[in-house]
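Here is a friendly walk through one protein model, written for someone new to reading structures. Have a look at the sequence and the 3D view, then read on.

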Amino acid sequence: MKVSEITNEYLVNYLRLDEPEDAEKQEIDVFLASAISYCTSYTGLSVVELDNYEDITIVVLLLVSDMFDNRNLYIEGKTSNVNKAVERILSMHSVNLI
């Protein structure tokens, strides 16, 4: 699966939401956009280039899941540690290293 193929419906199933409310679906869309933006910022790859790496799809799923599960932390502006799997996978594809 490519990053561009991730849909709201797929994420609802991935997050195991039986009957999501409209507000939750909207949050998921925001989290998806944020996760993709995080990946492009971290790696220096474009949104189109993210599709070349299927392991980045896992990163997006992990980030969305983390944002959904811990949305109070993000809303309140508290910082949290980045998932090590996310960090390692994105580091393998970073083109903007100094």
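## A walk through the helices

Asn 8 has its place in helix H1. This is a predicted model, in which local features need pLDDT of at least 70 and side-chain atom pairs count only at pLDDT 80 or more, while totals for chains, interfaces and linings use all residues. Residues are numbered from 1 along each chain as its sequence is written, and side-chain values use heavy atoms, with hydrogens and water left out.

Is Asn 8 buried or exposed? Asn 8 is buried, because its relative accessible area is 17%. Here buried means under 20% relative accessible area, exposed means over 50%, and partly exposed lies in between (1.4 Å probe, protein chains only). Leaving aside neighbours within four places in sequence, Asn 8 is in contact with Lys 25, Ile 28 and Asp 29. Contact means heavy atoms within 4.5 Å.

Now step back to the whole chain. Helices (H or I, at least four residues) and strands (E, at least two) are DSSP runs, numbered from the N terminus. Of the 98 residues in the chain, 35% are buried. Among contacts between residues at least 6 apart in sequence, 72% join residues at least 24 apart.

### The nonpolar core

The largest nonpolar core has 25 residues, and Cys 39, Ile 56 and Val 60 are those with the most contacts inside it. Helix H1 (8-14), H2, helix H4 (54-69) and H6 each supply at least two residues of this core. H4 gives the most, with eight residues. A nonpolar core is a set of buried Ala, Val, Leu, Ile, Met, Phe, Trp, Tyr and Cys residues joined through side-chain atoms within 4.5 Å.

What does Val 60 touch? Not counting residues up to four places away in sequence, Val 60 touches Val 3, Ile 6, Leu 32, Ala 35, Ile 36 and Cys 39.

| Helix pair | Packing angle | Distance between axes |
|---|---|---|
| H2 and H4 | about 135° | 9 Å |
| H2 and H6 | about 50° | 9 Å |

Axes are lines fitted to C-alpha atoms, for helices over the stretch in contact, and angles run from 0 to 180 degrees between N-to-C directions. Angles under 35 degrees count as roughly parallel, over 145 as roughly antiparallel, 65 to 115 as roughly perpendicular and the rest as oblique. H2 and H4 are therefore oblique to each other. The H2 side of their contact includes Phe 31, Leu 32 and Cys 39, and the H4 side includes Ile 56, Val 60 and Leu 63.

H2 and H6 are therefore oblique to each other, too. Here the contact is made by Tyr 38, Cys 39, Tyr 42 and Thr 43 of H2 together with Val 86, Glu 87, Leu 90 and Ser 91 of H6.

Let's look at two of those H6 residues. Leu 90 is found in helix H6 (residues 84-92) and is buried, because its relative accessible area is 0%. Leaving aside neighbours within four places in sequence, Leu 90 is in contact with Tyr 38, Cys 39, Tyr 42, Thr 43, Ile 56 and Val 59. Leu 90 and Ile 56 are 34 residues apart in sequence and 7.0 Å apart in space, C-alpha to C-alpha. Ser 91, also found in helix H6, counts as partly exposed because its relative accessibility is 36%. From Ser 91 to Tyr 42 there are 49 residues in sequence and 7.9 Å in space, C-alpha to C-alpha.

### A pair of rings

A search of the whole structure finds one aromatic pair. The rings of Tyr 38 and Tyr 42 have their centres 6.0 Å apart and their planes at 40°, so the pair is tilted. Rings of Phe, Tyr and Trp (its six-membered ring) pair if their centres lie within 6.5 Å; planes under 30 degrees apart count as stacked, over 60 as edge-to-face and the rest as tilted. Because Tyr 38 and Tyr 42 are four residues apart in helix H2 (residues 22-43), about one helical turn separates them. Tyr 38 counts as partly exposed at 30% relative accessibility, and Tyr 42 counts as partly exposed at 25%.

Most residues other than glycine have a negative phi. Arg 16 has a positive phi of about 60° although it is not a glycine. Arg 16 is found in the loop between H1 and H2 and is exposed, because its relative accessible area is 74%.
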